[in-house]
Amino acid sequence: MAALTRFTKPSSLSLSNISRAFYFYSSSSADVAHHNPHPQIHHLTRKDPKDRNVQWVFLGCPGVGKGTYASRLSKFLGVPHIATGDLVREELASSGPMSHQLAEIVNQGKLVSDEIIFNLLSKRLEAGEAKGESGFILDGFPRTVKQAEILEGVADIDLVVNLKLREDVLLEKCLGRRMCSQCGGNFNVASINVKGENGNPAISMAPLLPPSHCMSKLITRADDTEEVVKARLRVYNEKSRPVEDFYRGQGKLLEFDLPGGIPESWPKLLEALNLDDYEEKQSAAA
């Protein structure tokens, strides 16, 4: 695969920039319903993935593995991984002024409002900027076209990775998710073996089990019930699919069908991102 072309240095993501962009788009008449369904196709160059200033977005249905792969790439490239889902859960755990409102929204499988999400994201980016963070990988945001348009006003998103997985596998995967109540680690007890049929390939995913000292402390998230997971998938299909079209129209979307669990998918994802030889070159340079 040919090397990716380096992009220009990204703009500052200060709290004031995001706040101005949010209120501009909130008061604008442009909305999802008025978004051009046939956007002009733009052929854009992409930033070199070895550049620490990458500004990437991970899309995909709830439970597809955005956090897992975004977190791995974050460590691989040395850039921060910002998951809006984690920001929401941190706010819930903080017993802050928004915690009760957020608990009701999350437990019903509904989307958190743009205003709340931008509030949480703004605080996280401002804190990162103060620490001198370079670039980011966003996970779980944007989820609507309006959010994507606001983000375009303050960031130079150069690549959007859309992770895809069959819905029946997604449901089984979500219902197997567990978290350690002590260390906060995320695990999965589901052992998935789906036969290939109707043109769909077979998929096998081994469970991601915790160490022995976490086994007795596993809990299930309140929003990981079959009813809530199905509701979240419906909401995603209704509200977030247009985001894929938004970035596809700009030539920024990379579609990636997960072939299985981490052992099967990780090396293929690195290859798709032109990073399969990155670690080898780093070792040679050292």
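User: Which residues of helix H7 are called buried, and what makes them so?
Analyst: In this predicted model, they are Val169, Leu170, Leu171, Lys173 and Cys174, in the helix that spans residues 167-175. Buried means under 20% relative accessible area (exposed is over 50%, partly exposed in between; 1.4 Å probe, protein chains only), so each of these five names falls under that 20% cut-off.

User: What do the buried residues of H7 pack against?
Analyst: Strands E5 (177-180), E6 (186-188), E7 (192-194) and E8 (203-205), plus helix H9 (226-249).

User: Why is strand E3 said to pair with E1?
Analyst: Two strands pair if DSSP finds at least two bridges between them. E1 (residues 55-59) and E3 have four, in the parallel sense, so they pass. One of the partners is leucine 138 in E3, bridged to valine 57.

User: What makes both faces of E3 (residues 136-139) covered?
Analyst: Phe136 and Leu138 on one side are buried, and so are Ile137 and Asp139 on the other.

User: What should I know about the numbers here?
Analyst: Residues are numbered from 1 along each chain as its sequence is written. Local features need pLDDT of at least 70, side-chain atom pairs count only at pLDDT 80 or more, totals for chains, interfaces and linings use all residues, and side-chain values use heavy atoms, leaving out hydrogens and water.

Note on methods: Helices (H or I, at least four residues) and strands (E, at least two) are DSSP runs, numbered from the N terminus. Contact means heavy atoms within 4.5 Å.
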